[in-house]
Number of protein chains: 2
Amino acid sequence: MSLRLPHRGWLVDLDGTVYRGEALIPGADAAIAELRRAGRRVAFLSNKPLATRADYAAKLTRLGIPTSADDVVNSSLVLARHLARLDAGAPVFVIGEPPLVAELRAHHFEVRADHRVRWVVIAFDRTFDYAKLDTALQAVRGGARLIATNPDRTCPTEDGEIPDCAGMIAAVEAVTGQAVEVVVGKPSPIILEVALKRLGVAPADCVIVGDRIETDIVMGKRGGLATVLVLTGITRARDPRIAETSPDLVLGSIREIVEPPHQ
Amino acid sequence: MSLRLPHRGWLVDLDGTVYRGEALIPGADAAIAELRRAGRRVAFLSNKPLATRADYAAKLTRLGIPTSADDVVNSSLVLARHLARLDAGAPVFVIGEPPLVAELRAHHFEVRADHRVRWVVIAFDRTFDYAKLDTALQAVRGGARLIATNPDRTCPTEDGEIPDCAGMIAAVEAVTGQAVEVVVGKPSPIILEVALKRLGVAPADCVIVGDRIETDIVMGKRGGLATVLVLTGITRARDPRIAETSPDLVLGSIREIVEPPHQ
């Protein structure tokens, strides 16, 4: 067996690339094992702020890909790190779920339930409601700034797509008349920088493997990485954007990063 | 006493023009009484879908302006009438509050709690939440179309501004990737047509009195009505848009539609 690409670093998307819901993409475990056996550095990259890095690591381990929390980079972690650089320890109001709040607290932010804050953090939030939208409006009227985890319209689940962070961002922008300053998740260079630092490789020595053109492939192209689009997630083989963005490889599944033995 | 304008029909905005919250704008009762005494036809026009027309009439009556429900035209009524022309009796999912649901039921629509509908009706909804956003997404994926009551970003209250319908519209458009086809409230010609029909006057023989440039004044100008901007609501005297839109009259308050007796 041999790998189709020689790069030392491998950034691997999760949803639609390694698993769908609770089901492993067949062969993803063997492909990751082969990368590791060959001495490649692997990190997992997700825009989802709905679970902690430890949760993602536990899920991967359960599915047959032993992983530690440090090998996972998600938008909650990146947002907390980025905001710590902009305004360390600031009072923040969070449109988001408990794992994001925990990550912000772990980075020493003062998470408040009212509008007396310097930042409104907007994330994929299945508990989003009018009261949170109102608090965000009052915060912005008091001078708060806006930052968000990820730009995705919808999130694929086993039961179909559900509303993602773009819905929360749009609602807040519409009522406040103020634009979100930074969206840290893919395709932002901010999450890429954190991931490359984690792997300790240069962009030119790194591959990104993912199922979404507008996040995984666009970010990889802009950042100077090799790009591998897999067709196990949101993108269909006939999508005209494949030709427009021209990933280095288009594979039916992540299992195909390993070439079959010659006959 | 005499009126500053000779027109037979008068369309009068409510919030910020006749009252603010529960408080009558001083002199609004006498001004309306003078219009009626002089034989002018008066209807009240509101973008708010949070109460029934009967509720608005009762409030006006309580504040000293005796009014019947038929004299009130609000965005719920106009939406129900407009949708009845487009798709009478259709199954609909409503992002909105009980008075809007009641108006739709009174117009024989099948209001459903699930996504198996032909229309998603989007309104100012203080009970908006993620579950409603998700139902709207699933409805649109099943082919449903989008219609909305009003385009306002925020609604002024006695305690400040709160999020209005623009927040709900933006969230649904962002996650579905589909634009709202019709927003019936001011400044749409749809609500103006209903109001003019109610008064039985031509646009050139009608005045609109309101506090919002982007809805009341813009709609009046486009529709060929005389326009009176009052400064008791959202618009400040120094607003540069006043010169841009040039209302026929800019008054400190609706009370000034009546000229003081000559000395």
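1. Into which domains is chain A divided? Domain 1 takes 2–47 + 186–259, and domain 2 takes 76–183. These bounds come from an automatic or database domain assignment.

2. A word on the basis. This is a predicted model, in which local features need pLDDT of at least 70, side-chain atom pairs count only at pLDDT 80 or more, and totals for chains, interfaces and linings use all residues. Residues are numbered from 1 along each chain as its sequence is written, while chains are lettered from A and ligands numbered from 1 in the order in which they are written.

3. Overall build of chain A. Its secondary structure comes to 9 helices and 17 strands. Helices (H or I, at least four residues) and strands (E, at least two) are DSSP runs, numbered from the N terminus. The radius of gyration of chain A is 19 Å, close to the 18 Å from the globule rule for 263 residues, so chain A is as compact as a globular protein of that length. That radius is taken over C-alpha atoms, and the rule is 2.2 Å times the number of residues to the power 0.38. The C-alpha trace spans about 70 × 35 × 30 Å along its principal axes.

4. Burial in chain A. Buried residues make up 49% of the 263 residues. Buried means 20 or more other C-beta atoms within 10 Å of the residue's own, with C-beta atoms placed from the backbone.

5. The domain contact in chain A. The centres of domains 1 and 2, taken over C-alpha atoms, are 27 Å apart. Here 11 residues of domain 1 are in contact with 9 residues of domain 2. Contact means C-beta atoms, placed from the backbone, within 7 Å. On the domain 1 side, helix 7 (residues 189–199) gives the most, with 3 residues. By class, that side has 4 nonpolar, 5 polar and 2 charged residues. Nonpolar covers Ala, Val, Leu, Ile, Met, Phe, Trp, Tyr, Cys and Pro; charged covers Asp, Glu, Lys and Arg; the others, Gly among them, are polar.

6. The chain contact. Chain A and chain B put in 21 residues each. Helix 5 (130–141), strand 12 (160–163) and helix 6 (165–176) of chain A each supply at least two residues of its side. Helix 6 of chain A gives the most, with 7 residues. The chain A side has 11 nonpolar, 4 polar and 6 charged residues.

7. Helix 1 (residues 28–37) of chain B. Ala28(B), Ala31(B), Ile32(B) and Leu35(B) are buried. Gly39(B) follows the helix, with a positive phi near 80°.

Key
Contact = placed C-beta atoms within 7 Å. Buried ≥ 20, exposed ≤ 12 C-beta atoms within 10 Å, placed from the backbone.
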